[in-house]
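Colleague: I am new to this structure. Please take me through one part of it closely.

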Amino acid sequence: MTIEKHNGEYLDLLLQDVFKCVRCGFCNSVCPTSNISISYMGSRTSRGRIVILQAYFSNILNKPIESDEIQEAFDYCFGCRRCLDICPAGVKIPQIVWRVKSLKARKRLLHRFLFSNYGLLEKICSKMPKLSNTFLSSSLGKTMLERLYGIDRRVSFPKFYEVSLESWFRRRRFQNSGGRKLSYFVDVFTNYHEVDLGIEIVTTLEKLGYSISIPPQKEAGTILFEEGLIEEALKIARYNIENLYKSIVNGSVILTSSPAAYLALKKDYPEFLGDEKSRIVADNTFDVLELLLRDVEEGRVKLDSREGFKITYHHSCFTKASGLTKTIKRLLSYAEYDLKEVDQCCGIAGLWGMKKKHFDQAIEVGSGLFSELKNLAIPVTSQSETCRLQIRHNTGIDVKHPFQYISEIIEPRP
Amino acid sequence: MKTYFNKVSRSDLEFFEKLLGSRNVSTSEEELVVNSIDAFQGDFYRADVVLWPETTEHVVEILRYADQHRIPVYPRGGGTGLTGTVPVYGGIVLSMLKMNKIVEVYEEDMQVTVEAGMIYEKLNKELEKYGLFFPPDPSSGSVCTIGGMVASNSSGLKAVKYGTTRDYVLGFELVFAGGRKMKLGSRTFKYSTGYDLARMMIGSQGTLGVFTEITLRLRKLPQDFKTALAFFPTVESAVKSICKIVRTGLDVAALEFVDEPLIKNISEYKKISFPESKAMVLVEAHGSARYVEDVLEGCCNIFRENDAVDIWITRDREEREFFWSARRSVYPVSLRHSRYLVISDLVVPISKLLEAVLKTYAIAEKYKIKASVIGHFGDGNIHVHWFLGDNRELLPIAHKANDELAEWVIDVGGAVSGEHGIGTEKKKFMKLQHGEAYDLMLQIKRLLDPKCILSPGVIFDVDEVIQ
């Protein structure tokens, strides 16, 4: 195979990685969208996408990468990152896909504008929650979401809380100013749509002696990477890194509760930016469950026993990719929960499963999981916010963040 | 290249679309390239069309039409082949992925009938419910299909105890060139009823017919299993241990050899600190808990007698899976260290194993390239990795080195393929390997597929088939 063709900086960066792939197909066995009804077509599978690039660089495929047909094939990757864990050749498949998508995405100006400002739009909506919720559930609102962001009309857009976590944090009277310092990197969903979880995390950790701040920040930007808007995502990344780095210099460590936020700080930012500051931020970032586990194991926190209480632990794709699974299972085992594990993708993948063009496929991806959870008919815990949303919508079962199962049985050791 | 075949025309496509529906016919460039290559590191080719039959009758009609119109047909399963069973002459890629159902489980008979496109691991997951499994366990098991396994008589890590795919195929339905459908074999364990045509078809890599339904005998899932890893100061001591285990008759389910460079690759990939050693042996036992302990103890005694520097025994299922997943990944992991790589699939009588390893090192030194040896040594199967680094220019040298080793293997009574097949890669060895029997094979090919429609260029050169 010869490599004779290249097409600008983005594809240059792909070359080495693309030809590391030996087409073993292991990625197909774990890729959620490579195991649905359309996956009989090789081009709609994980391995197929890499082969397309190998063929392109070998001058066998004459279509441009930014052509609609090729982009359609790459659109079936929703960035779950399960392939990263299994690829023996170490091919960074999601990053390759983002770069391929970027060839088209950067030319779509309206799409670029809308997605790179979705954090701002969320912020504006959160200022008038009642109006936003009413509008977004109305026919006109759904039409707008469909036209602008491609969101399917069947999606119930997550509700905005009366107040964002950041506003609540600024306004409250009590604040623990002593103790170990944590800077909370909240991310959009917890800030606007799961504020109660954020409040529970802040108040519980303060009771455990932590001092919490919420430094200036923007969204994690995972959706932007997945939309191929790499430059826009990195602009946000630089802003976040700058502010979080300052917090670290001032003696804090960074706290996250969303696996997407954790992955952005631990892996995406340092890999793309490759600078000292992002590496320092990565080294000093901890998920709330990591902190709790450390406190339990070092004897600072005692947990009541929930022996006999059955819960299903759902392995979210991002939790697996972040390597936090063992931490979470260990923590839940200290509480003696009777744990049943389910390791299947729910199909939502952030925004992907909400889009009109993928809505039915997302349900198909998750169908096995939904049936299994319905059969088990016990409460579910999942670390990912959008997985919780998808599972709730499709099963009617109560789904909580693992922290919520732990916080209710925490006793600070005197 | 002489023109033996016709390209797929517009009217041909119309026929296929009428037969299969447009969703089961694709001429899109990206679909063609993806279906025209497998895991063999060879050149890209391009089929004219990809077809997805949903029934045996579809396969019958496609083969009838292709024969009439001289269009090549390349049956395809999971596309994980390692020898290049690819559309060298264009034509049709016949993807079996839509024929992927279990037809029937005969629980009392410990048998199953499946469609050819069923994925190996998915089948075994279903069979778990019955406490049964189909054992060959190729490394590509999560992606490869049963039809593909039968077509290449594949096997893997457990062949030393359980044998290869061929040992489990009782019978099948297949479609010959020209569209003749036939059932071969039976549903019995014993079969002495004239020529055993079924066995002849196994390993034919899509050159004699297209498998559509296959009946397999199954084994009971073992109650328990345990793995041990032993590390040796020399290659000689590791190979001697392996041979002694086999000769003693210890009932091992896997018996693998890995030499130093590949131990290092695994260690880096899985972040394991292995003891310093020149070779590692992985052994697994299956059976009741007590039986497994006894078998492994027997193996460990042999390891100690042969100066093993350390022996690790896995503590639980998770640890066992961890080491086996590392072993399964060796080939692609090697690509992290060497962008260009040639891999062999040689098999020798076990008395020749040590000589084969030493011969490999000597040839590597002669050609001044790096080589490393891994293999299912319990059944004499050797996968040499010839590492070329980033230097593509070394490919012809690696092939030359590999050819020299292959010729030596044939000379000592071995074979050029244990489980990957011939494909387009190893055709050059066919005459040397088979002698006069090669002509008989050609005659069989001509008898069953006179126009050489089925997988032309695979196993045989077309010039030899069509005279």
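Which residues in helix 1 of chain B meet which residues in helix 3 of chain B?

Modeller: This is a predicted model, where local features need pLDDT of at least 70, side-chain atom pairs count only at pLDDT 80 or more, and totals for chains, interfaces and linings use all residues. Residues are numbered from 1 along each chain as its sequence is written, chains are lettered from A and ligands numbered from 1 in the order in which they are written, and side-chain values use heavy atoms, with hydrogens and water left out.

From helix 1 of chain B come B:Ser11, B:Asp12, B:Phe15, B:Phe16, B:Leu19 and B:Leu20. They meet B:His58, B:Glu61, B:Ile62 and B:Tyr65 in helix 3 of chain B. Contact means heavy atoms within 4.5 Å. Helices are DSSP runs (H or I, at least four residues), numbered from the N terminus. By class, this contact has six nonpolar, two polar and two charged residues. Ala, Val, Leu, Ile, Met, Phe, Trp, Tyr, Cys and Pro count as nonpolar, Asp, Glu, Lys and Arg as charged, and the others, Gly among them, as polar.

Now the geometry. Helix 1 of chain B spans residues 10-20 and helix 3 of chain B spans residues 56-68. They pack at an angle of about 165 degrees, their axes 11 Å apart. Axes are lines fitted to C-alpha atoms over the stretch in contact, and angles run from 0 to 180 degrees between N-to-C directions. The two helices of chain B, helix 1 and helix 3, are therefore roughly antiparallel (angles over 145 degrees). Helix 1 of chain B passes helix 3 of chain B in a right-handed crossing, the near helix being turned clockwise from the far one by less than a right angle.

How values were computed:
Angles under 35 degrees count as roughly parallel, over 145 as roughly antiparallel, 65 to 115 as roughly perpendicular and the rest as oblique.
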